[in-house]
Amino acid sequence: MKCAELLLLLVASSVCLSAAIAAQQTCPADLDSKCGDDASSGPGDWEGEFFPGIPKIKYEGPTSKNTLAYKWYNAEEVILGKKMKDWMRFSVAFWHTFRGTGGDVFGAPTKFWPWEDGTNSLAMAKRRMRAHFEFMEKLGVDRWCFHDRDIAPDGKTLTETNGNLDEIVEVAKKLQDETNIKPLWGTAQLFMHPRYMHGAATSPEVKVYAYAAAQVKKALEVTHYLGGENYVFWGGREGYQTLLNTDMKRELDHLANFLQAAVDYKKKIGFNGTLLIEPKPQEPTKHQYDWDVATTFSFLQKYGLTGEFKINVECNHATLSGHSCHHELETARINGLLGNIDANTGDPQIGWDTDQFLTDISEATLVMSSVVKNGGLAPGGFNFDAKLRRESTDVEDLFLAHISGMDTLARGLRNVAKLMEDGSLDELVRKRYQSFDSEIGATIEAGKGDFETLEKKVLEWGEPTVPSGRQELAEMLFQSAL
Ligand code: XUL
Ligand code: CO
């Protein structure tokens, strides 16, 4: 009998609980046979559907009361010249949806999915992958994102770990071929294992730097093999806890060399996917090096890496850095760097990465306005880097969360179309700058507005009249489309 069944019968034992806690961890290299051992996953394999009560999720329109249906996301519908599915390019994040346990720093896991047996074995990894593909098919999402260590357990050596990964990747490849689902991006988990406690590419230990390089090499190969369209570098533990023991310049130089080596290897293996950097200001380190989009851009410029990388903006990371998600998206967009969005949101009263599904329509409209101005995100997309609340423990909640997140962004897209059709807000912005449409404005914008000429103009014009910024009108026009 599986853990979840035991729980349903209200006879959950501490064995079941501790097994689930164990499932959350990466297996340390010196762990004995329990890790990566097929035998530990229990007899037999899963038969039939993983989500028997859940139908294929369809579009039923805004008046539908069916919670297992889309009200706003209609994949094939054309909005602003593109199918909704091509604007959105939604992706399921394997780590939250299939490895999230509900455990937090104060409490044990709360989620006991029926297919989990409490082990981190290869057999469990295969079964979980099958559940994941059924989930995506039922949702109608044709992309997924993964860390190497989410999908396959660590082994005792790098060779064994890579072997485990290869075995699971073969299962994923087969399921991909059957379903036509592909990775939006892959990445390496360079933060959970104790070897990375001081960082990976910014670790002061050269052997750790090398280990991280070997891990990223393999993760790039695997992402390429699975037909991934992008590869992500999230900083993980690349940052510092105190400058008293840190040579920041040396660590940043190392990070740049690491990223350059990744570019070289990507080219060597013929991987044409986009490399993405995902900024975050803090957590787990006190100060992450890729603080926000502007910091990341200046890092790329300093080290001659622009052109090789784009940015994956995560909304919750944006708010942690003291910006709005819209600010981060626009900063990336105007610099030609907007490559992907990790779709989630934080909580206005909480100062950490809560990774909630985005359900705020106003926020989604702002996000989609940047995406539309960017002409879409392809080959990037929207990855739901979001998790159920600890207290949401039904299998159905996994579906409801994604449906709600997808509908919210779809509604944002529809609102942007309304705003564009109406045109009043664009007109307000255009008019605000129309004085620069003059001859002298054009001279300034061409970089030829020297100070003597401008001084002469001021003497001729006298005191300027300054028009209203009309913020309240802008807000009213924006609101009218929601
Ligand atoms: C962590 C985070 C990661 C990256 C991938 O805050 O967002 O899940 O998206 O490593
Ligand atoms: Co993320």
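Donors are taken to be N, O and S atoms within 2.8 Å of the metal (3.2 Å for Na, K and Ca), and since water is not among the atoms, sites may look incomplete. On that basis the donor residues of the cobalt ion (ligand 2) follow the spacing E-x35-E-x27-D-x42-D in sequence. Glu-278 lies in strand β10 (residues 274-278) and Asp-385 in the loop between β14 (382-384) and α14 (395-422), so this pair ties together parts that are 107 residues apart in sequence; here helices (H or I, at least four residues) and strands (E, at least two) are DSSP runs, numbered from the N terminus.

The coordinating atoms come from Glu-278 (OE), Glu-314 (OE), Asp-342 (OD) and Asp-385 (OD), at 1.9 to 2.1 Å. The site of the cobalt ion (ligand 2) is octahedral, with angles of 80 to 173° among its six donor atoms. Six donors count as octahedral if opposite donors are over 155 degrees apart and all others between 65 and 115.

## Basis of the model

This is a predicted model, in which local features need pLDDT of at least 70 and side-chain atom pairs count only at pLDDT 80 or more, whereas totals for chains, interfaces and linings use all residues. Residues are numbered from 1 along each chain as its sequence is written, chains are lettered from A and ligands numbered from 1 in the order in which they are written, and side-chain values use heavy atoms, with hydrogens and water left out.

Helix α5 (residues 122-139) packs with helix α7 (residues 158-179) at an angle of about 25°, their axes being 10 Å apart; axes are lines fitted to C-alpha atoms, for helices over the stretch in contact, and angles run from 0 to 180 degrees between N-to-C directions. The two helices α5 and α7 are therefore roughly parallel to each other, a label for angles under 35 degrees, with those over 145 counted as roughly antiparallel, 65 to 115 as roughly perpendicular and the rest as oblique. Among the residues that make the contact are Met-129 and Phe-133 of α5 and Ile-168 and Leu-175 of α7, contact meaning heavy atoms within 4.5 Å. The residues of this contact divide into eight nonpolar, three polar and four charged, where Ala, Val, Leu, Ile, Met, Phe, Trp, Tyr, Cys and Pro count as nonpolar, Asp, Glu, Lys and Arg as charged, and the others, Gly among them, as polar.

Helix α5 also packs with α14, at an angle of about 45° and with the axes 11 Å apart, which makes α5 oblique to α14. Phe-135, Lys-138 and Leu-139 of α5 meet Leu-398, Phe-399, His-402, Ile-403 and Met-406 of α14, and by class this contact has six nonpolar, one polar and one charged residues.

## Packing of α8 with α9

Helix α8 (residues 206-225) and helix α9 (residues 248-268) pack at about 30°, with axes 11 Å apart, and that angle makes α8 roughly parallel to α9. The contact includes Val-216 and Leu-220 of α8 and Phe-258 and Tyr-265 of α9, and its residues divide into eight nonpolar, two polar and two charged.

## Backbone details

Most residues other than glycine have a negative phi, and most peptide bonds are trans. A cis peptide bond, with omega about 10°, joins Glu-283 and Pro-284, and Pro-284 has its place in the loop between β10 and β11 (287-288). The bond from Ala-378 to Pro-379 is also cis, with omega near 5°, and Pro-379 belongs to the loop between α13 (361-373) and β14.

Leu-80, a residue other than glycine, has a positive phi near 45° and is found in the loop between β3 (78-79) and β4 (82-83).

Note on methods. Four donors count as tetrahedral if all angles lie between 85 and 135 degrees; four count as square planar and six as octahedral if opposite donors are over 155 degrees apart and all others between 65 and 115; anything else is irregular.
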